[in-house]
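Please look over the structure below. The report that follows describes how some of its parts are arranged.

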Amino acid sequence: MVDYRTTTGDIKKARPQIAVLGIGAIEQHGRHLPVATDWTQAREISRRVAQELDALLLPALPYSMSECHGPMPGTVWLKPATLSAVLKDVARSLREQGIPILLVLNAHGGNFVLEPTIQELNQHYPDFRVIMPGEVWAAAGDEPIYETAGQGIHAEEAETSMQLYLNPQDVKAERVDYVPPVGREYLDYVFMPLINPEGTWGLPSYGTAEKGERGIAAQVRAIVAFVHAALEALG
Ligand SMILES: [Zn+2]
């Protein structure tokens with residue numbers, strides 16, 4: 001693996017065939033998790049995946065589409081068009097250097113613009129492939145690690161578990177459990193504080209560091225398997 005801490009000469013010598021770009025978010029995560037929660041996950045998962053794939057690890061993008069959390073302090077968001085433009089520019093930079101594959105690892109559920117952007121890039125540049133598994137935490141969906149899977153999407157059991165494992169010093173004790181009576185699509189209509197002013201969506205009280213450790217390992221395995229299958233299918 002090579003990464004952004006090495007020289008351009010080292011990267012040239014390593015001739016990486018895949019570049020890995022994690023995408024995080026800076027947004028409120030209830031009373032107990034830091035605003036950088038998604039970014040922390042994006043950094044760690046992309047680092048482990050890049051290591052497994054002997055890839056070029058890019059710095060994970062801290063910001064993405066978090067406007068639905070906008071009024072809550074600490075949240076910083078990009079417009080969908082901005083995120084799309086950033087991804088296109090990153091892809092074009094890599095393509096011009098002869099790196100043929102960009103793996104995008106999205107750690108934030110609200111980044112709906114990524115898929116059409118990736119489709120556009122792949123249709124526009126036949127010599128360059130951008131691939132992305134579903135949301136990185138969903139990639140481990142087949143492994144029964146989280147007891148409340150399916151009941152939460154934000155600052156819930158899974159995210160709390162991962163932070164307790166990766167970043168325990170920044171996790172606060174007060175965890176507010178709340179499963180709204182509405183579906184995720186309500187975030188298309190109203191800001192998060194109108195759904196739950198506490199900012200959580202799910203059952204963080206079930207989170208443990210041990211689940212987070214197993215969850216991250218399962219995600220990395222699922223992502224690496226996805227990449228091998230995708231590359232084989234794409235020839
Ligand atoms: Zn999150």
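This is a predicted model: local features need pLDDT of at least 70, side-chain atom pairs count only at pLDDT 80 or more; totals for chains, interfaces and linings use all residues.

The crossing in which helix 2 passes helix 5 is left-handed.

On the helix 2 side, the residues that meet helix 5 are T37, T40, Q41 and E44. On the helix 5 side, they are E159, M162, Q163 and L166. By class, this contact has four polar residues, two nonpolar and two charged.

## The cover of helix 5

How many of the 10 residues of helix 5 are buried? Nine are, and the helix is mostly covered. The buried residues are E157, A158, E159, T160, S161, M162, Q163, L164 and Y165. Of these, E159, M162 and Q163 are also among the residues that meet helix 2. The elements that cover the buried residues of helix 5 include helix 2 and helix 7, the latter at residues 209-234.

Five strands make up an open sheet with parallel pairing, in the order 1-3-2-4-5. Its edges are strand 1, at residues 2-3, and strand 5, at residues 129-131; each of these pairs on one side only.

Strand 1 runs parallel to strand 3 (residues 56-57) and is joined to strand 3 by two bridges. In this pairing, D3 has L57 of strand 3 as its bridge partner. Helix 2, residues 37-53, packs on the sheet and touches strand 2 (18-23), strand 3 and strand 4 (101-106). The direction of helix 2 makes about 165° with that of strand 2. Helix 4, residues 114-124, also packs on the sheet, where it touches strand 4 and strand 5. The direction of helix 4 makes about 160° with that of strand 5.

## Strand 2

Is strand 2 buried or exposed? Six of its six residues are buried, so the strand is largely enclosed by the rest of the structure. In a regular strand, side chains alternate between the two faces of the sheet. Both faces of strand 2 are covered: one side has I18, V20 and G22, the other has A19, L21 and I23, and all are buried.

Strand 2 has pairing partners in strand 4 and strand 3. Six bridges join strand 2 to strand 4, and the two run parallel; here L21 has V104 as its bridge partner. The pairing of strand 2 with strand 3 is likewise parallel, over two bridges, and V20 has L57 of strand 3 as its bridge partner. L57 is also the bridge partner of D3.

## The start of the chain

M1 lies in the segment before strand 1.

Leaving aside residues up to four places away in sequence, M1 touches A50, Q51, D54, A55 and L57. One of these, Q51, is 50 residues from M1 along the chain, and the C-alpha atoms of the two are separated by 5.3 Å.

Notes:
Residues are numbered from 1 along each chain as its sequence is written. Two strands pair if DSSP finds at least two bridges between them. Helices (H or I, at least four residues) and strands (E, at least two) are DSSP runs, numbered from the N terminus. Two residues are in contact if their C-beta atoms, placed from the backbone, lie within 7 Å. Axes are lines fitted to C-alpha atoms, for helices over the stretch in contact, and angles run from 0 to 180 degrees between N-to-C directions. A crossing is left-handed if the near helix is turned anticlockwise from the far one by less than a right angle, and right-handed if clockwise. Ala, Val, Leu, Ile, Met, Phe, Trp, Tyr, Cys and Pro count as nonpolar, Asp, Glu, Lys and Arg as charged, and the others, Gly among them, as polar. A residue is buried if 20 or more other C-beta atoms lie within 10 Å of its own, exposed if 12 or fewer, and partly exposed in between; C-beta atoms are placed from the backbone.
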